[in-house]
Every structure is written in C-alpha cells, then in structure tokens.
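Please look at the sequence and the three-dimensional structure below, and keep both in view while you read the paragraphs that follow.

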Amino acid sequence: MNPTKKEKLYWDRLAELGCAACLSYSKVTNNYISIHHISGRSKKGCHMNVLALCPKHHMTGKGETIPIHPFKKRFEAKYGTQKQLKIMCDKLLDGDDSI
C-alpha cells in the first residue's frame, strides 16, 4: 500500500522537524532522515504512524548512538518509546514548542 498525498505531506512536515531521537535526547535538529514505520508498513493507517529518524538512529548506529533496528528496547530506554516520540513530534507540528 503506497502512501497518499496527505501521508507524504505529513512525512515532509516530520522531516522538517528532524530526527525524533536527536530532538528528544539532545534537542539537536538533524534533517537528514528516513521514515520509520512504528508498526509495520501494511496495517491500516501505518503511513501516519511513523517517525522521522536519522540514519544513525534508524539503522546504522555509531558510537553511543543506539539504532532502533535491531535494538528497539535499548533505543526506547534511551530516547523514549516510539509512542512518546510520536506524541512529541505531533505536538511540535501543532505548534506546541514547550517540549
């Protein structure tokens, strides 16, 4: 199932925020991101249940950076759960910068 125009627009807005883990952990904006699907790519609504993550936080890791793949539990212990990160990003997109 391919993302709709609305879903791609949401992804673009997330990309403007930058990597959710970088933002959460160090308040640094890193706009070099890929889209991470929180609960897979085939469920209904899956393209809106996503995070923007930089390559280090998504898959590659490096140094002290923990990637979500394949270290989901360690990633969430350090940066917050995927649900918490999504809520943070959605609040920022809604203009709530008190995070």
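**A helix and its surroundings**

In helix α1, the buried residues (buried means under 20% relative accessible area, with a 1.4 Å probe and protein chains only) are Glu7, Tyr10, Trp11, Leu14 and Leu17. Seen down the axis of α1, these buried residues fall within an arc of 105°, so they line one face of the helix; the arc is that of the directions from the helix axis to the C-beta atoms. On the other side of α1, Lys5, Leu9 and Glu16 are exposed, where exposed means over 50% relative accessible area and partly exposed covers what lies in between.

This is a predicted model, in which local features need pLDDT of at least 70 and side-chain atom pairs count only at pLDDT 80 or more, while totals for chains, interfaces and linings use all residues. Residues are numbered from 1 along each chain as its sequence is written, and side-chain values use heavy atoms, with hydrogens and water left out. Helices (H or I, at least four residues) and strands (E, at least two) are DSSP runs, numbered from the N terminus.

Helix α1 covers residues 5-17, and its 13 residues reach 19 Å from the first C-alpha to the last, close to the 18 Å expected at 1.5 Å a residue; the expected span is 1.5 Å times one less than the number of residues. After α1 comes Gly18, whose phi is positive, near 100°. The buried residues of α1 pack against α2 (20-26), β1 (34-37), β2 (50-53) and α5 (82-93), with contact meaning heavy atoms within 4.5 Å.

Which residues have the most contacts inside the largest nonpolar core? They are Leu14, Ala20, Leu53 and Phe75, in a core of 23 residues; a nonpolar core is a set of buried Ala, Val, Leu, Ile, Met, Phe, Trp, Tyr and Cys residues joined through side-chain atoms within 4.5 Å. The elements that give two or more residues to this core are α1, α2, β2, α4 (72-79) and α5. Leu14 touches Val50, Ala52, Cys89 and Leu93, when residues up to four places away in sequence are not counted.

Two packed helices are described by the angle between their axes and the distance between the axes. Helices α1 and α5 pack at an angle of about 95°, with their axes 10 Å apart; axes are lines fitted to C-alpha atoms, for helices over the stretch in contact, and angles run from 0 to 180 degrees between N-to-C directions. That makes α1 roughly perpendicular to α5, a term for angles of 65 to 115 degrees. The contact is made by Tyr10, Arg13, Leu14 and Leu17 of α1 together with Lys86, Cys89, Asp90, Leu92 and Leu93 of α5.

In α5 itself, Gln82, Leu85, Lys86, Met88, Cys89 and Leu93 are buried, and they fall within an arc of 160° seen down the helix axis, so they line one face of the helix. The buried residues of α5 pack against α1, α2, β1, β2 and α4. Just after α5, Gly95 takes a positive phi of about 95°.

Most residues other than glycine have a negative phi, and most peptide bonds are trans. Lys27, in the loop between α2 and β1, has a positive phi near 60°, and Lys27 is exposed, with a relative accessible area of 55%. A cis peptide bond, with omega about 10°, joins His69 and Pro70, and Pro70 is found in the loop between α3 (55-60) and α4.

Terms used
Parallel < 35°, antiparallel > 145°, perpendicular 65-115°, else oblique.
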